[in-house]
Amino acid sequence: MSATAQDTDTPRAHCTVDADGRTTFRIALRLAGHPRLALVPRAKKNAPQQPTRLLDLEPHGDDGDLRAVLEPLPALAEGRWDAYLMRETDAVRERLRPGLRDLRALVDGNLRERPSPVAVRVPYATKDGFLAVRAWLRPAHAEAGRLDLADGAMTVHARLHGAEPSDGASALLRLRGDRDTTRSFPLRTDGSGFSFTAPFAELTGAAPGDQVWDVFLRPAADVPPVRIGRLLDDTADRKTVCVYPALTVGEAAARPYYTVDNDLAVEVTAVR
């Protein structure tokens, strides 16, 4: 069977996300019995396997399309969830391809207050063309906004969700692979947001060779640091979307970037 024929035979699911985090899936099929949509979590190294989330597919509207609703609660565990169609209760799972994705309600998600835990879901198309849902679930989250690069430094503007910063809150950059090597920077508060400036010269001499520094907010001295990243919009994979230039500082170059989990980090490399 040709690739074109395979694409035609593979069912597609349209999905819409509303401002409350509810995701509605719609498949243009008419099936008897008890069809379901299965969200299957991808296994993660050194983490327990999460159970599959099964959603009933029921006829909806005059056209008879099947619809399933993923409610905001219970929240999905953090990770990637692949979408499948099960035509019967014990049927073989069929991967779903993405149809239309209406994610307009997610675009300004940073403007809404998020209680703890901060739960985020973004339907997206995988690299091989199938439908999946990227989920984040964190006790608190610091959402990065504008990022300015000038004079050998990075200035990050962000907003904290799910927690309140104390007067002693600070930004924290931690050398990846070495939890004891950190750099702390004071915050400037602005209404519900905050900002800080991290001079790259303070990162370049910490260890020999190339380095990566992960970026955190420490809301208070006695609480765990909170990752700073970009989760609260319609972009499931930000690493290749937001690309920043490198700044040369002495004999090194420093470049902020977003990881595969959409968390903010700084890469430091020797200038060769």
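Which side chains meet in a salt bridge at 2.4 Å, N to O? They are those of arginine 238 and aspartate 233. A salt bridge here is a side-chain nitrogen of Lys or Arg within 4 Å of a carboxyl oxygen of Asp or Glu. Arginine 238 is buried, and aspartate 233 is buried too. Buried means under 20% relative accessible area (over 50% is exposed, in between is partly exposed; 1.4 Å probe, protein chains only).

The model is predicted: local features need pLDDT of at least 70, side-chain atom pairs count only at pLDDT 80 or more, and totals for chains, interfaces and linings use all residues. Residues are numbered from 1 along each chain as its sequence is written, and side-chain values use heavy atoms, with hydrogens and water left out.

Now the whole protein. It holds 2 helices and 22 strands. These are DSSP runs, numbered from the N terminus: H or I of at least four residues for helices, E of at least two for strands. The C-alpha trace spans about 65 × 40 × 35 Å along its principal axes. Of the 272 residues, 45% count as buried. The accessible surface is about 14000 Å², and carbon and sulfur atoms hold 51% of it. That area comes from the Shrake-Rupley method with a 1.4 Å probe.

Next, charge. The protein carries 37 positive and 38 negative side chains. Lys and Arg count as positive, Asp and Glu as negative; His and the chain ends are left out. The centres of the two sets lie 3 Å apart, with each charge placed at NZ of Lys, CZ of Arg, CG of Asp or CD of Glu.

The whole structure has 21 salt bridges. One of them joins aspartate 263 and arginine 138 (2.8 Å, N to O). Aspartate 263 sits in the loop between β21 (252-258) and β22 (264-270) and arginine 138 in strand β11 (residues 131-138), so the pair ties together parts 125 residues apart in sequence. Aspartate 263 counts as buried because its relative accessibility is 6%. Arginine 138, at 11%, also counts as buried.

Another salt bridge pairs aspartate 214 with arginine 227 (2.8 Å, N to O). Aspartate 214 lies in strand β18 (residues 211-218) and arginine 227 in strand β19 (residues 226-229), 13 residues apart. Both are buried. Salt bridges with shared partners join Glu78, Arg138, Arg176, Asp214, Arg227 and Asp263 into one network.
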